[in-house]
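Here is a short briefing for a first look at a protein with its ligand. Start with the view below, then read the points by topic.

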Amino acid sequence: MHRIDQVYINGAFCTTHGREELALINPTTEEPMGVLIMADEEDAQKAVASAKRAFSTYSRTSRKERIDLLNALSEAVRVRSSDLTEATIIEYGGPVEQARWRADLAANNFLSAAKLLDDFPFSRWINDAEVVAQAAGVAVHIVPWNSLYNSISVKMAGALAAGCPVIIKPSEYSAWQNQLFTECLHAAGAPAGVINVVAGRGDVVGAALTTHPDVRKISFTGSTPVGKSIMRAAADRMTRVTLELGGKAPTVIMEDADLEEAAAAALSIGFTNNGQACIAGTRILVHKSKVRDFCDSIKLSASKIVPGDPQKPQTTMGPLVNRKQFDRVQGYIRRGVQEGARIRIGGEGRPEGMHRGFFTKPTVFADVANTMTIAREEIFGPVLCVITYENDAEAIEIANDTPFGLHAYVIGKNLDRARDIAAHIDAGRVAINAMIHEPLAPFGGMKESGIGREYGTYGIEDHLELKAIMGRKCDHRPVRASEIKAG
Ligand code: NAD
């Protein structure tokens, strides 16, 4: 049993001031696996004070000092890779194969920022103006439970490269993974106060951090409703925000696609991370003339999915993270049936033969109209909708007919046509014929999927403020105020 009762502030672990307890439940067995003593507002205040103290020195560190720190962080995560993987499998329910690469992804995020920092342009000249990029200030990073190591590391790498101390507010539903990851951060030996971690409730610790006057940058990954509330509150002080929010990604299956391959790809894109992924392709758009054959192929592919204990190597789909998620997903499946969609695979309840754990049947609905609730709202579970179109223009129209715009996928043989469809879809990323991740390319959403971009140089720029310092030549005489044209 894990008892997690510490926050990480000013370079040291200390007992939380908060007293509220949260039982940690193993999603595979529904058995208790520990308790988190959640941080409170006072812990949040201490974390901000610690980061603020660190800002004046850390923001002036040399490129080399920051590169050394980023490399040390990468190494510290790599060393604990197997512990981190074990926690993901048990606490989150991620199947072995899908859990294994997560620590590496985090280690690479730090490494990648270290490399980019080597020649990152913090200053450039425009005629007589030097445009300087300076650290934005104390940064608060709030992250969800579905991709903890990646979310923390990608934000932190950008902030530390830019010269900003950080306060991490991880989800209360990833307490064990967070504890281990924080131990890695500690092992890297950052100067005191540069990295702080406080785990607790969003409406308590999260709210205290995002409304704090000494916080100059908020980078939030989570649901769209919470993102909107953070942006509203941030407006009071013009605190800079980056919001990585929900999605309802379309997967456009082109008319010329090989249907068996396309069905297999659409399922793996839709069911990635047990269906709990912001980038999952949850609306599968299929040409009307092909839909019957496509659904047959979906059935065949789905028969190869193995739900079960994520610790077993043959398992390809684990449980949902907690009871709340399980009930939410079951509710959407019920709603889909009520609204007239037809279940092609799956449905309500647990997979056959399973009587405990937050397992849900991988489910695909056909005869879905894009106006139905299951096609409009983010379900965040393994529930997919098949929607038909008659031509490319209609496919694009349906793809864009959503409040979200995070990710999209196009699958088909004619690559020129695929690129043309991709060019017309309003999403921060569009992947053609694969679930590709390019860590140097920008990641972020259009419309209600968010604002701002992460990864690569974009993640560093995201933590900088631009300032123009005028006057390169010393032979200029001082200009009188009366000579300056009103702008
Ligand atoms: P959530 O919005 O409920 O919580 C996310 C984080 O915000 C948690 O740490 C939570 O404690 C905190 N929080 C909650 N209320 C808060 C408040 N009032 N003030 C400050 N912080 C608060 O989301 P979740 O259920 O943890 O995660 C799932 C959501 O995250 C999905 O919508 C998914 O699409 C989204 N997500 C987006 C991306 C992306 O990159 N766009 C990546 C992963 C997950």
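Predicted model: local features only at pLDDT ≥ 70, side-chain atom pairs only at ≥ 80, totals over all residues.

The protein is divided into two parts: domain 1 (2-245 + 447-469) and domain 2 (250-432). Both domains give residues to the shell around the ligand, so the ligand lies between them.

**The two domains**
- Domain 1 is made of two stretches, 2-245 and 447-469, while domain 2 covers 250-432.
- The C-alpha centres of domain 1 and domain 2 are 31 Å apart.
- Across the boundary, 26 residues of domain 1 are in contact with 33 residues of domain 2.
- The size of an interface is often given as the accessible area lost when the parts come together.
- Between domain 1 and domain 2, the buried area is about 2,400 Å². Carbon and sulfur atoms give 51% of that area.

**The shell around the ligand**
- The ligand is surrounded by 27 residues. The closest are Val143, Lys169, Ser223, Leu245 and Glu378.
- By class, the shell holds 14 nonpolar, eight polar and five charged residues.
- Three elements each supply at least two shell residues: helix H7 (202-210), strand S11 (217-221) and helix H8 (224-235).
- H7 gives the largest share of the shell, with four residues.

**Polar contacts and burial**
- At Glu378, an N or O atom of the side chain is 2.5 Å from an oxygen atom of the ligand.
- At Val143, a polar backbone atom lies 2.8 Å from an oxygen atom of the ligand.
- At Gly202, a backbone N or O atom is 3.3 Å from a nitrogen atom of the ligand.
- Taken alone, the ligand exposes 850 Å². The protein buries 86% of that.

Notes. Residues numbered from 1 in each chain as written. Heavy atoms only, no water. Near = heavy atom within 4 Å. Polar contact = N/O pair within 3.5 Å; in protein donor to acceptor, adjacent residues only side chain to side chain. Areas by Shrake-Rupley, 256 points an atom, 1.4 Å probe, with all protein chains shown as cover. Nonpolar A, V, L, I, M, F, W, Y, C, P; charged D, E, K, R; others polar. Domains from an automatic or database assignment. Contact = heavy atoms within 4.5 Å. Buried area = accessible area lost by both parts, 1.4 Å probe.
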